[in-house]
Amino acid sequence: LLINFGDWITGIYLIVIASVDTYFGVNYCDNQFFWLGSSYCLTLGVFSTTSTFIALFSMALISIFRARNLSRGLCPPSPVTLKSVLKVMMIMVLICSAALVLAIIPILEVLEDKFKNALYFPDVNFLKRFVTKEGLATTLKDYYGRITLETTALSWSTLRRLVRGMFTADFDGVQAESLHFYGNDPVCLFKYFVTPDDPQIVYSWIILAFAFFSSLIISGSYLYIAITSFLTSSKVATGGAAKAIRKRNKKLQQKVTAIILTDLVCWVPFMVVALLHSLEIVKATSYYGLFSILILPINSIINPILYSEYLGAFFGTRP
């Protein structure tokens, strides 16, 4: 259920991105600042990240449970009780909460100095673009020549206050718009591609580590399932039953191979490119569109096929 929910959110994300692209069309450049700094882009980014990790954490947990059940033997399922239902619901809530927290942390105002990318001042011609801390510090130093500004020591709130001090308070003063964490690219994806200079580098690599270890758990668990099933059935199968079991094992191995390959195809290239970008070997920012529209949704497209028909059949009455 959670995997389907995560994949459903991913589907909504892709539909909205396609609709926005159609809506802006050739006029996107004129609306770039509005879109990247908007709450719409921010919400899409949170949705995308939440759905990705709901599906990933759910698949990892399911793979662990199934491997554990297989190691205990194929016993009849326990009767459904209120306690078991509440346990499952609690696990679902925990997974959704964990994924949502990971997605929301980068947009908390209290952490803006770690995750905010730039500011945009729509009413100031020479600042009518997204300006980083370094860019603002240079402008402010030219204006406040009598003071010393160290970019690493300046907070975004201090920068906003200093910019407001350059202008009169008429007409409500100067308003600043933010380029939030998810506004680093038009597809509003989590900022996976970071460089050593990015303040988000630690958090981005923590998230990639979660994805990497979840992928290892999924691959390792299903590999264990396939090997254990093959060895067990080879020992107990005799006569006509052996042929049927070999056929079942062949189908199982094909499905397990598909699960592992789709998982690896989805995340391994992404992590390799993120690593190369972090080491400044390649500049991968332009690849966000490719990964968000084509690579990352692979699991969401194939999961309903893989998880709906095979493991339920293989484990009998176990979902």
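Leaving aside its neighbours within four places in sequence, which residues is H277 in contact with?

Modeller: This is a predicted model, in which local features need pLDDT of at least 70 and side-chain atom pairs count only at pLDDT 80 or more, while totals for chains, interfaces and linings use all residues. Residues are numbered from 1 along each chain as its sequence is written, and side-chain values use heavy atoms, with hydrogens and water left out.

With neighbours within four places in sequence set aside, H277 is in contact with F193, V194, T195, V282, K283, A284 and T285; contact here means heavy atoms within 4.5 Å. H277 belongs to helix α9, which covers residues 240-278. Helices (H or I, at least four residues) and strands (E, at least two) are DSSP runs, numbered from the N terminus. The relative accessible area of H277 is 5%, so this residue is buried. The term buried means under 20% relative accessible area, exposed means over 50%, and partly exposed lies in between (1.4 Å probe, protein chains only).

To place this residue in its setting, consider the whole protein. Its secondary structure comes to 11 helices and three strands, which follow the pattern α-α-α-α-α-β-β-α-α-β-α-α-α-α along the sequence. Of the 319 residues in the protein, 43% are buried. Among contacts between residues at least 6 apart in sequence, 74% join residues at least 24 apart.

T50 is found in α3 and, with a relative accessible area of 8%, is buried. T50 and A103 are 53 residues apart in sequence, yet their C-alpha atoms are 5.8 Å apart in space. Apart from neighbours within four places in sequence, T50 is in contact with A99, L100 and A103. G45 is also found in α3 and counts as buried at 0% relative accessibility. This glycine touches Y182 and C188, not counting residues up to four places away in sequence. From G45 to I104 the separation is 59 residues in sequence and 9.4 Å in space, C-alpha to C-alpha.

Rings of Phe, Tyr and Trp (its six-membered ring) pair if their centres lie within 6.5 Å; planes under 30 degrees apart count as stacked, over 60 as edge-to-face and the rest as tilted. By this rule the count comes to 14 aromatic pairs. One of them joins F53 and F57 and is tilted, with 5.6 Å from centre to centre and 50° between the planes. Because F53 and F57 are four residues apart in helix α3 (residues 39-71), about one helical turn separates them. F53 is buried at a relative accessible area of 0%, and F57 also counts as buried, at 17% relative accessibility. Elsewhere, ring pairs link F115, F181, Y182, F190, Y192 and Y203 into a cluster.

In α10 (residues 288-295), the buried residues are Y288, F291, S292 and I295. Seen down the axis of α10, they fall within an arc of 125°, so they line one face of the helix; the arc is that of the directions from the helix axis to the C-beta atoms. An α-helix has 3.6 residues a turn, so residues three or four places apart point the same way.

In α6, the buried residues are K133, L136, A137 and L140. Their arc around the axis is only 100°, which puts them on the same side of α6. They pack against α5, β1 (118-120), β2 (130-131) and α7 (156-164). In α7, W156, L159, R160, L162 and V163 are buried. These residues cover an arc of only 165° around the axis, which puts them on the same side of α7. The buried residues of α7 pack against α5, β1, β2 and α6.
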